[in-house]
Amino acid sequence: MNLTLKIWRQPDPDAEGAVHTYEVSEISEDMSFLEMLDVLNEDLNAKGEEPIAFDSDCREGICGMCSLMINGSAHGPDVTTTCQLHMRSFSDGETITIEPWRSEAFPVVKDLVVDRSSFDRVIQQGGYISANTGSAPEANSVPVGHDKATRAFNMATCIGCGACVASCPNGSASLFVGAKVTQLGLLPQGQPERDSRVVNMVAQADEEGFGGCTNIGECAAACPKEIPLDVISQLNKDLRTAIRHGY
Amino acid sequence: MATPTKSAPALVRNPQSTRSTIALKLLMASSGIIFVLFVLVHMYGNLKAFGGHDAFNEYAEHLRTFGEPMLPYAGLLWVIRVVLIVSLVTHVVTAVALWRRSSHARPVKYVAKKNGHSALSSRTMRWGGLTLLVFIVWHLLNFTIGKVNPSGGATGDPYNLLVDTFDLWWMTIIYLVAMAALAMHLHHGTWSAAQTLGLTGTARARARAKALGWVLAVVIAGGFSLVPIFTVVGVITK
């Protein structure tokens, strides 16, 4: 495959960025999207040019490190992470626009790399439970219904990649915050901190500069882990309950 | 990504639930529901135009004498007006605050951005809302505050003012465009309010809230549109 790539280049956080055009040839359709970028970087290295900076780690779709806005869709046209997106999803001769996540809370570090530590701070504010240390408790002493356990697990599959924020026209982090609040709220271990968790996490997300949710649904459609929109309903319900409880 | 790029915001200490963006959304949803109930009743009242001159004017007068002698003349009407004014201010103020937040949340726009997974109505809530606001100003000047008769006739008689207004084809078009905007606003607004109030926790509840959005949009905007259409084609006459 031969492709034309339009890629956002920005040498450092304060520099003015711009879209640069590159041509790549002899790309196999069995390559992942990141491998295609690796090929381009080999090429740039050989020419003595600065390679394109982009995030990646596990390359098996479980770590949440890769990102990229590909032709206007977070993680590209398929419901998966960019590392699991294959070139067979594109056609020969296609022009592909590649941009970093755009959010006030995700400043660009370099080229396509953004700083997602705002998510870490949101998690720091309540994405945990408090448990006694020491020997592990008897597993069956706290019963959890199968439906709740399954649902909590599904919400826990969020890898924190930030595709929800990137695809939201409001730059809202509600799906991310909602997934964690719902996951912990479904389990008995999450109850003691339930009210303070939602208030603290939402306040931190607001502080970081994420926008408000307008329930349009672009986030859930872009989520590589298919977190459903009803976690935002649960988030709103938990916050409403926290208001009632005076938090 | 662990590489900090700028001085990161500090962790918020002792935040208040009522100062969050979700609290703003809750205010927006509740004031929106008041409007949904109002337009539903208002639409029903308008259909009295099909009953002719006397039925329509009697209904209009009855709105003012409702609850007498417990309430003064037009007492109930003023209670409703105050509730609506408070709701309107709440709805607009929270919308402006959230709109500003959203524009700051993405300082650099995408070169290419697809929004293929959301309804057009959901992405036009803000401009659609502004359209409705402008329409409400005109509508109040037309029928309530100013009683402007665009055809230059008398303004004292509610039914005749209505027929004179919608006999003009361009006035009918203005009202129909406004009803299209209202339908879109109701379509997404109903679902969005249910979601904001935390009532859509399951896939079934989500489908129901979306269906309710469609029903309210079609029934309310469609019901409102009947009177102008049937006036301009000459079914409703003086």
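In which segment of chain B does B:K238 lie? B:K238 belongs to the segment after α8 (203-232) of chain B. The legends below describe a predicted model, in which local features need pLDDT of at least 70, side-chain atom pairs count only at pLDDT 80 or more, and totals for chains, interfaces and linings use all residues. Residues are numbered from 1 along each chain as its sequence is written, while chains are lettered from A and ligands numbered from 1 in the order in which they are written.

**View 1. Chain A as a whole.** Chain A has eight helices and seven strands; helices (H or I, at least four residues) and strands (E, at least two) are DSSP runs, numbered from the N terminus. Along the principal axes, its C-alpha atoms fill a box of roughly 60 × 35 × 35 Å. Of the 247 residues in chain A, 49% are buried, a residue being buried if 20 or more other C-beta atoms, placed from the backbone, lie within 10 Å of its own, exposed if 12 or fewer, and partly exposed in between. Among the contacts in chain A with a separation of 6 or more, 69% join residues 24 or more positions apart; two residues are in contact if their C-beta atoms, placed from the backbone, lie within 7 Å.

**View 2. The packing of α5(A) on α8(A).** Helix α5 (residues 174-186) of chain A packs with α8(A) at an angle of about 70°, the axes being 8 Å apart. Axes are lines fitted to C-alpha atoms, for helices over the stretch in contact, and angles run from 0 to 180 degrees between N-to-C directions. The two helices are therefore roughly perpendicular, a term for angles of 65 to 115 degrees. Residues of α5(A), including A:L175, A:V177 and A:V181, meet A:V231, A:I232, A:Q234, A:L235 and A:D238 in α8(A). This contact has seven nonpolar, five polar and one charged residues; Ala, Val, Leu, Ile, Met, Phe, Trp, Tyr, Cys and Pro count as nonpolar, Asp, Glu, Lys and Arg as charged, and the others, Gly among them, as polar.

**View 3. The side of chain A that touches chain B.** The contact takes 56 residues from chain A and 51 residues from chain B. Elements giving two or more residues to the chain A side include β5 (95-99), α6 (194-208) and α8 (230-244). The most, 10 residues, come from α8(A). The chain A side divides into 21 nonpolar, 21 polar and 14 charged residues.

**View 4. The surroundings of B:K238.** B:K238 is partly exposed, with 13 other C-beta atoms within 10 Å. Not counting residues up to four places away in sequence, B:K238 touches B:N160 and B:V163. The C-alpha atoms of B:K238 and B:N115 are separated by 48 Å, the two residues being 123 residues apart along the chain.

How values were computed
Parallel < 35°, antiparallel > 145°, perpendicular 65-115°, else oblique.
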